Amino acid sequence: MDDDLDKVLTAVGPRLRALRRQRDITLADLSAETGISVSTLSRLESGQRRPNLELLLPLAKAHGVPLDELVGAPPTGDPRIHMRPITRHGRTMVPLTGRAGGLQAYKQVIPADRHPQTPDPQVHEGYEWLYVLNGRLRLVLGEQDLVLFPGEAAEFDTRVPHWFGSVGSEPVEFLCLFGRQGERAHVRARPQPK
């Protein structure tokens, strides 16, 4: 057997024992919860029995931990996006996608509205979707002048004259999805029938 795999499997028993003791339950309690015999659980914890998927899945569920935590799986890499914020005219935009083309995602922060701004609507190709996280967002869209609150969303064709800014004494934070080719965000309230 590969040395690395052998080390991983050997470490499972002490992890299982530690999780059971953290929960302050007996082998009999765990056996009743998982359907695995007390003797098998004891041999797993002592390292006298090699763990397999059939045993590890119910144990992970019983202990409320992911399977990779039971086996001490190595980390899969850093999934974070390290994009640099862009600040223009006091507004901060953080790109959340790093690839060109297709839908682009941004988090935007517009400072508090200390001096009311005169909207200057712009037009360009594309389609935009906004979701307010904090604060209040003023959206001027064509002839409409709207205020969006946290949890509210809007989507529109960017060929319609549009402008947005903050309302009130606190900054507004919102997420923005933008597609240059007119891609639209599709939000489903329930799964489609199969």
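Modeller: Let's start with burial: a residue is buried under 20% relative accessible area, exposed over 50% and partly exposed in between (1.4 Å probe, protein chains only). This is a predicted model, where local features need pLDDT of at least 70 and side-chain atom pairs pLDDT 80 or more, while totals for chains, interfaces and linings use all residues. Residues are numbered from 1 along each chain as its sequence is written, and side-chain values use heavy atoms, leaving out hydrogens and water.

Biologist: How many aromatic pairs does a search of the whole structure find?

Modeller: Two aromatic pairs turn up. In one, tryptophan 129 and tyrosine 131 are stacked, at 6.2 Å centre to centre with 10° between the planes. (Rings of Phe, Tyr and Trp, the last by its six-membered ring, pair with centres within 6.5 Å; planes under 30 degrees apart are stacked, over 60 edge-to-face, the rest tilted.)

Biologist: Are those two residues buried or exposed?

Modeller: Tryptophan 129 has a relative accessible area of 18%, so it's buried. Tyrosine 131, at 29%, is partly exposed.

Biologist: What about the rings of phenylalanine 164 and phenylalanine 174?

Modeller: Their planes sit at 80° with centres 5.4 Å apart, so that pair is edge-to-face. (Strands are DSSP E runs of at least two residues, numbered from the N terminus.)

Biologist: Which strands make up the open sheet of three?

Modeller: The order is β6-β5-β8, with antiparallel pairing. β6 (144-148) and β8 each have a single partner strand, so one side of each lacks a neighbour in the sheet. (Pairing takes at least two DSSP bridges.) Strand β5 (residues 137-141) and β6 share five bridges, and leucine 139 stands opposite leucine 146 in β6.

Key:
Helices (H or I, at least four residues) and strands (E, at least two) are DSSP runs, numbered from the N terminus.
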